[in-house]
Amino acid sequence: MDVVILKDGPAVCKEASRRIADQVNRKADSVLGLATGNTMVGVYKDLVRRHREAELDCSEVTTFNLDEYVGLAPEHPCSYHTYMNEHLFSKVPFFRNLIPDSSETNFVQMCADYEAQIQGCGGIDLQLLGLGRDGHIGFNEPCSSLSSRTRLKTLTPMTVGTNKRHFPEGQPVPYHVITMGIATIMEAREVLLLAFGESKVDAIAAMVEGPVSAMCPASALQYHPHCTVLIDEVAASKLKMADYFRFIHQNWLEG
Ligand code: F6R
């Protein structure tokens, strides 16, 4: 794991956007794995800026989103389809954008098809991830199988509570989702996980320095051969190896 400690949230988002743009500039028909949530808002804003300033052309890029709520139509204002359209897809043209279709009734078939579509595109080149307070990636909650594939999952009450802020007062928050599995995520050739702020301090410590355990699904990334963790000073505050991570980047040697 390459842990990069940056000043604050905006610096984390800018660095992620720079790395995504580098990937697309290196390989025009890249396959990107995308995430939603507060963490990604600044990343997509900066990608839109790059596109407007002609620094980024995504017209050959295919994207696969990590997850979608079950029970919300794609056009629902709180669906992840809507989130992606608002923040990115309506502003930057892509070749193809895929998001799990939770309006399908045969979830098992739909999830198998989603996995097959990822394989059919040659696999994901760069997977973007946020981090849940409980260590989830995608919506692989604690005790998810570390070899799981795209499937139906039930959110923990804590995650439902956290997601509530995105829903109008009084509107029920779905507690079922379709999510890529941990094995699906682990097959991406490169992973970029972002986290910043006080609420991510414990999850970052567990993921980076704790044991590999289904209790912290993100800890599986310790086995990934090319995983970069972009965090701010606050999120890094419980890392015992923080000074070493800074030392590595002060003395960076391209391998
Ligand atoms: C969303 C997703 C989740 C979020 C995580 C962090 O597509 O897969 O794992 O990345 O819940 O959410 P925020 O960024 O809102 O703190």
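User: At what angle do helix α2 and helix α3 pack, and are they oblique or roughly parallel to each other?
Analyst: This is a predicted model. In it, helix α2 covers residues 38–52 and helix α3 covers residues 80–89, and their axes lie 9 Å apart. The packing angle is about 40°. Angles under 35 degrees count as roughly parallel, and α2 and α3 are therefore oblique.

User: Which residues of α3 are met by α2?
Analyst: The α2 side of the contact consists of Met40, Val41, Tyr44, Leu47 and Val48. By class, the contact of α2 with α3 has eight nonpolar residues, one polar and no charged. On the α3 side, the residues met are Tyr83, Met84, His87 and Leu88.

User: Which residues line the largest cavity?
Analyst: The search of the whole structure finds one cavity of 30 Å³ or more. The space in the largest cavity is about 40 Å³. By class, its lining has eight nonpolar residues, no polar and no charged. The residues are Ile20, Leu32, Leu47, Leu56, Cys58, Leu88, Val92 and Phe94.

User: Which element supplies the largest share of the lining of the largest pocket?
Analyst: The largest pocket holds about 710 Å³ of space. At least two lining residues come from each of α2, β4 (67–69), α3 and α5 (157–163). The largest share is five residues, and the element that supplies it is α3.

User: Which residues lie nearest the centre of the largest pocket?
Analyst: The lining of the largest pocket comprises 36 residues. By class it divides into 14 nonpolar, 16 polar and six charged. Nearest the centre are Thr36, Gly37, Asn38, Arg165 and His166.

User: What is the volume of the second largest pocket, and which residues are closest to its centre?
Analyst: The volume of the second largest pocket is about 330 Å³. Its lining has 13 residues, and the closest to the centre are Arg19, Glu190, His226, Thr228 and Glu254.

User: How many charged residues are in the lining of the second largest pocket?
Analyst: Both α1 (9–26) and β10 (227–232) supply at least two residues of this lining. The most come from α1, with five residues. By class, the lining has three nonpolar and three polar residues, and the number of charged residues is seven.

User: Where is Ala54, and is it buried or exposed?
Analyst: Most residues other than glycine have a negative phi. For Ala54, phi is positive, near 60°. Ala54 is in the loop between α2 and β3 (62–65). Exposed means over 50% relative accessible area, so with 69% relative accessibility Ala54 counts as exposed.

User: What is the phi of Cys143?
Analyst: Cys143 belongs to the loop between β6 (126–129) and β7 (151–154). Because its relative accessibility is 57%, Cys143 counts as exposed. Cys143 is not a glycine, yet its phi is positive, at about 80°.

User: What distance separates the C-alpha atoms of Val108 and Leu152?
Analyst: Val108 is part of helix α4 (residues 107–120). With a relative accessibility of 69%, Val108 counts as exposed. Val108 and Leu152 are 44 residues apart along the chain, and their C-alpha atoms are separated by 8.1 Å.

Conventions
Residues numbered from 1 in each chain as written. Predicted model: local features only at pLDDT ≥ 70, side-chain atom pairs only at ≥ 80, totals over all residues. Heavy atoms only, no water. Axes fitted to C-alpha atoms, helices over the stretch in contact; angles between N-to-C directions. Helix = DSSP H or I, 4+ residues; strand = E, 2+ residues; numbered from the N terminus. Parallel < 35°, antiparallel > 145°, perpendicular 65-115°, else oblique. Contact = heavy atoms within 4.5 Å. Nonpolar A, V, L, I, M, F, W, Y, C, P; charged D, E, K, R; others polar. 1 Å grid on protein atoms, 1.4 Å probe; cavity = no way out; pocket = protein on both sides within 12 Å on 5 of 7 lines; lining within 4 Å. Points joined across faces, edges and corners; volume = space filled by probe spheres on them. Buried < 20%, exposed > 50% of the residue type's maximum accessible area, 1.4 Å probe, protein only.
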